[in-house]
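Student: I have a structure open and want to learn how to read its features. Can we go through them one by one?

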Amino acid sequence: LSEVKENFKNINGIKVCNEGGNIETGDLLVTSSKPGIFMKQSDDIIRSYTAAKSGQNVTFTDGSDKENIYCFMICG
C-alpha cells in the first residue's frame, strides 16, 4: 500500500480600502496609499500598475478597511 499525504493551505484574500470607492465584481484594483492594502482603480483599462481584478462586491459602510477579499491577481 502506498501512503497518501495531503497538505492543505488556507488561502486568504487581500485587504482593500475605500480610497477609490465601493468595489464591484470585475473592478480592477491598484495599490492604495496604505501599505499592503488595495483600492479600486479609477478606470477599467489594464495598465502596468493594475494589480488585481475583484471577484466580489465590497461596500464600505463604516469606512474601515475590509479583509479576505477574493480577487484574481494579474500583476507580474
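Tutor: Start with the naming of elements: helices (H or I, at least four residues) and strands (E, at least two) are DSSP runs, numbered from the N terminus. This is a predicted model, in which local features need pLDDT of at least 70, side-chain atom pairs count only at pLDDT 80 or more, and totals for chains, interfaces and linings use all residues. Residues are numbered from 1 along each chain as its sequence is written, and side-chain values use heavy atoms, with hydrogens and water left out.

Student: In which strand is the place of N68?

Tutor: N68 sits in strand β5, residues 66–69.

Student: What should I look for in its backbone?

Tutor: Look at phi. Most residues other than glycine have a negative phi, and most peptide bonds are trans. N68 is not a glycine, yet it has a positive phi of about 60 degrees.

Student: Is N68 buried, exposed or partly exposed?

Tutor: Cut-offs come before the answer. Buried means under 20% relative accessible area, exposed over 50%, and partly exposed in between (1.4 Å probe, protein chains only). N68 has a relative accessible area of 48%, so it is partly exposed.

Student: How do I read strand pairing?

Tutor: Two strands pair if DSSP finds at least two bridges between them. Strand β2 (residues 28–31) pairs with β4 in the antiparallel sense over 2 bridges. β2 also pairs with strand β3 (residues 38–40), again antiparallel, over 3 bridges.

Student: Which residues stand opposite L29?

Tutor: In β4, L29 faces A52. In β3, its bridge partner is K40.

Student: What about the turn between β2 and β3?

Tutor: That hairpin has 6 residues between the strands. Within the hairpin, G36 takes a positive phi near 80 degrees.

Student: Let us turn to S54. Where does it lie?

Tutor: S54 lies in strand β4, residues 52–54. Its relative accessible area is 2%, so S54 is buried.

Student: Which backbone oxygen does the side chain of S54 reach?

Tutor: First, the rule. A polar contact is a pair of N or O atoms within 3.5 Å; within protein, one must be able to donate a hydrogen and the other to accept it, and residues adjacent in sequence count only if both atoms are side-chain atoms. The side chain of S54 reaches the backbone oxygen of Q56 at 2.6 Å.

Student: What does S54 touch?

Tutor: Contact means heavy atoms within 4.5 Å. Setting aside residues up to four places away in sequence, S54 touches I23, E24, T25, G26, D27, L29, Y70 and C71.

Student: How do I read a nonpolar core?

Tutor: In soluble globular proteins, nonpolar side chains tend to be buried together. A nonpolar core is a set of buried Ala, Val, Leu, Ile, Met, Phe, Trp, Tyr and Cys residues joined through side-chain atoms within 4.5 Å. The largest one here has 11 residues, among them L29, A52 and C71. C71 has a relative accessible area of 16%, so it is buried.

Student: How many disulfides are there?

Tutor: A disulfide is a covalent bond between the sulfur atoms of two cysteines. The test is a pair of cysteine sulfur atoms within 2.5 Å. The count comes to 0 disulfides.

Student: How many aromatic pairs does the structure hold?

Tutor: A pair of aromatic rings is described by the distance of the centres and the angle of the planes. Rings of Phe, Tyr and Trp (its six-membered ring) pair if their centres lie within 6.5 Å; planes under 30 degrees apart count as stacked, over 60 as edge-to-face and the rest as tilted. The structure holds 1 aromatic pair. Y70 and F72 have ring centres 5.4 Å apart and planes at 70 degrees, so the pair is edge-to-face. Y70 is partly exposed at 46% relative accessible area, and F72 is partly exposed at 46% as well.

Student: Where is D44 found, and is it buried or exposed?

Tutor: D44 is in the loop between β3 and β4. Its relative accessible area is 68%, so D44 is exposed. D44 and L28 are 16 residues apart in sequence, with 6.3 Å between their C-alpha atoms.
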